[in-house]
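Colleague: I would like to learn how to read a model like this one. Please take me through it step by step.

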Amino acid sequence: HVVRLRVDLILAVGTTATRAAKNATSTIPIVMGNASDDPIRHGLVASLARPGGNVTGVIDMLPDLAGKQLELLKETLPRLSRVGHLVQRGGYPDSPAQTHLKETEIAARALGVQVQALQVPSADDLDNAFQAATKGGAEALVVVGTGILIPQRQRIVQLELKNRLPAMHTHPQWVPDGG
């Protein structure tokens with residue numbers, strides 16, 4: 001629909017929207033915003049330095065930072081031995097959220113920390129995820145702020161406080177909400 005409007009530029013937020021825009025046009029410039037996935041792997045650009053084609057934009061390197069985030073959490077809580085990893089369940093196996101979990105697990109082995117995957121299919125399952133975290137002995141959380149979790153920021157922060165779970169969040173917009 002946007003292509004038929006003969007717009008000068010398309011702003012596509014995320015990998016899925018960028019892929020749809022690229023499939024719709026090869027002539028209208030597309031600016032990819034806030035993608036948390038590898039645009040090279042998805043065939044959206046030729047390289048980060050020289051994207052080529054009609055797609056350019058910004059990526060947030062979410063999975064690439066997973067190990068560093070866990071390191072900072074362990075540095076803050078030196079006795080940390082078990083961390084919950086809260087993420088939206090679903091999507092595709094190599095989605096940014098699932099890749100973040102894999103990268104966290106790799107870093108956890110090196111740090112002597114066990115990771116408890118808390119995959120939430122819907123916002124209605126957040127309470128159950130926090131119950132599972134506390135029953136499973138989680139001493140802290142890593143929260144991957146994607147998908148359905150984004151509009152639930154305040155609720156998640158409240159559940160962290162209620163359950164006394166320090167947390168590392170993947171995006172800065174959680175901070176004003178108390179994260």
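Colleague: In what order do the elements of the chain run from the N terminus on?

Modeller: Bear in mind that this is a predicted model. The order is β-α-β-β-α-β-α-β-α-β-α-β. That comes to five helices and seven strands.

Colleague: What share of the residues counts as buried?

Modeller: Of 179 residues, 40% are buried. The accessible surface is about 9,800 Å², and carbon and sulfur atoms hold 55% of it. The C-alpha atoms fill a box of roughly 55 × 35 × 30 Å along the principal axes.

Colleague: And the contacts: what percentage joins residues at least 24 apart?

Modeller: The figure is 64%, counted among contacts between residues at least 6 apart in sequence.

Colleague: Now a single helix. Which residues of α5 are buried?

Modeller: Start with the general idea. An α-helix has 3.6 residues a turn, so residues three or four places apart point the same way. Now the case here. Helix α5 covers residues 153-162, and I156, V157, L159 and E160 are buried in it. Down the axis of α5, these buried residues fall within an arc of 160 degrees, so they line one face of the helix.

Colleague: Which residues are exposed on the other side of α5?

Modeller: Q154, Q158, L161 and K162 are exposed there.

Colleague: Which residue just after α5 takes a positive phi?

Modeller: R164 does, at about 55 degrees.

Conventions:
Residues are numbered from 1 along each chain as its sequence is written. This is a predicted model: local features need pLDDT of at least 70, side-chain atom pairs count only at pLDDT 80 or more; totals for chains, interfaces and linings use all residues. Side-chain values use heavy atoms; hydrogens and water are left out. Helices (H or I, at least four residues) and strands (E, at least two) are DSSP runs, numbered from the N terminus. Buried means under 20% relative accessible area, exposed over 50%, partly exposed in between (1.4 Å probe, protein chains only). Contact means heavy atoms within 4.5 Å. Accessible areas come from the Shrake-Rupley method with a 1.4 Å probe; for residues, only the protein chains shown count as cover. The arc is that of the directions from the helix axis to the C-beta atoms.
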